[in-house]
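Please view the sequence and the model first.

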Amino acid sequence: MTRRLVIAVDGPAAAGKGTLAKRLAQALGLPYLDTGLLYRATGRRMIDAGHDPARGPAEEFAASVGLEDLSRTDLRVPEVDRAASLVAAQPAVRRVLVDVQRRFAGEHGAVLDGRDIGTVIFPDAPVKLFITASPRTRATRRWEQLATDPDAPDREDQITRVEREIEARDMADSSRAVAPLRAAGDAVRIETDGLSADEVLAEALRIVARMMR
Ligand code: CDP
Ligand code: CDP
């Protein structure tokens, strides 16, 4: 029997997890799930209903999130970044979303990216990657991804603001009591400062090949 191939891709905000995970999934013919979108969709639904994401009945909103929510185009905005991190710190929310993530990999496996895939969701995943880069690199990547004016004269100041938001979210994600952001003991780290997305994919494919031998 072949081993079900689950690839866990974890790491801090804007490290390039999604970009890598999507490409890996494509290269290996596996389904791909961006698990951050589950927390974002929960936060989005709470904001839309007029609730405070830190205090409202977040688990009820999490329970109503389905895969169809994940294609919403209003999930990658700053207020939802914060709301996602706030609902993600609540144990009841995480309990509700565990099943969706485990079922997604089904019998055939999947590539999932998030914060706790290798530590909590699939602790037995045969391949675990932890993707990192310096806060400045990550802020620059996120800014370039979202910038409406790539030649803005206050580019560096804008990047500094993104960097502060990213660091605040990393701090919240790493210090929460439940499923904090951290590399699994058996994860392979890829430091991506100075690497292109293609170079990161090539390195990840080498790691997958080595670990599946
Ligand atoms: O794309 P980015 O790295 O900025 O964030 P994301 O992956 O979309 O995740 C948004 C937020 O959801 C994170 O800041 C975490 O608080 C939370 N999250 C989590 O707790 N566990 C996961 N597996 C994925 C996301
Ligand atoms: O999912 P996560 O928040 O970790 O990051 P992402 O949304 O996949 O990547 C953020 C941006 O960094 C994207 O625009 C990528 O094209 C870019 N990027 C990358 O993912 N990997 C590199 N080595 C360099 C840039």
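Between which domains does ligand 1 lie? Both domain 1 (1-31 + 109-213) and domain 2 (34-107) give residues to the shell around ligand 1, so the ligand lies between them; the domain bounds come from an automatic or database domain assignment.

This is a predicted model, in which local features need pLDDT of at least 70 and side-chain atom pairs count only at pLDDT 80 or more, while totals for chains, interfaces and linings use all residues. Residues are numbered from 1 along each chain as its sequence is written, and chains are lettered from A and ligands numbered from 1 in the order in which they are written.

The shell around ligand 1 holds 15 residues, of which Ala-13, Gly-36, Tyr-39, Ala-88 and Gly-114 come nearest (a residue is near if its C-beta atom, placed from the backbone, lies within 6 Å of the molecule). Two or more residues of this shell are given by each of α2 (36-48), α4 (78-88) and α8 (155-175). The table gives the shell by class.

| Class | Residues in the shell around ligand 1 |
|---|---|
| Nonpolar (Ala, Val, Leu, Ile, Met, Phe, Trp, Tyr, Cys, Pro) | six residues |
| Polar (the others, Gly among them) | four residues |

The chain contains nine helices and five strands, taken as DSSP runs (helices H or I, at least four residues; strands E, at least two) numbered from the N terminus. Along the sequence their order is β-α-β-α-α-α-α-β-α-β-α-α-β-α. The C-alpha trace spans about 50 × 40 × 30 Å along its principal axes.
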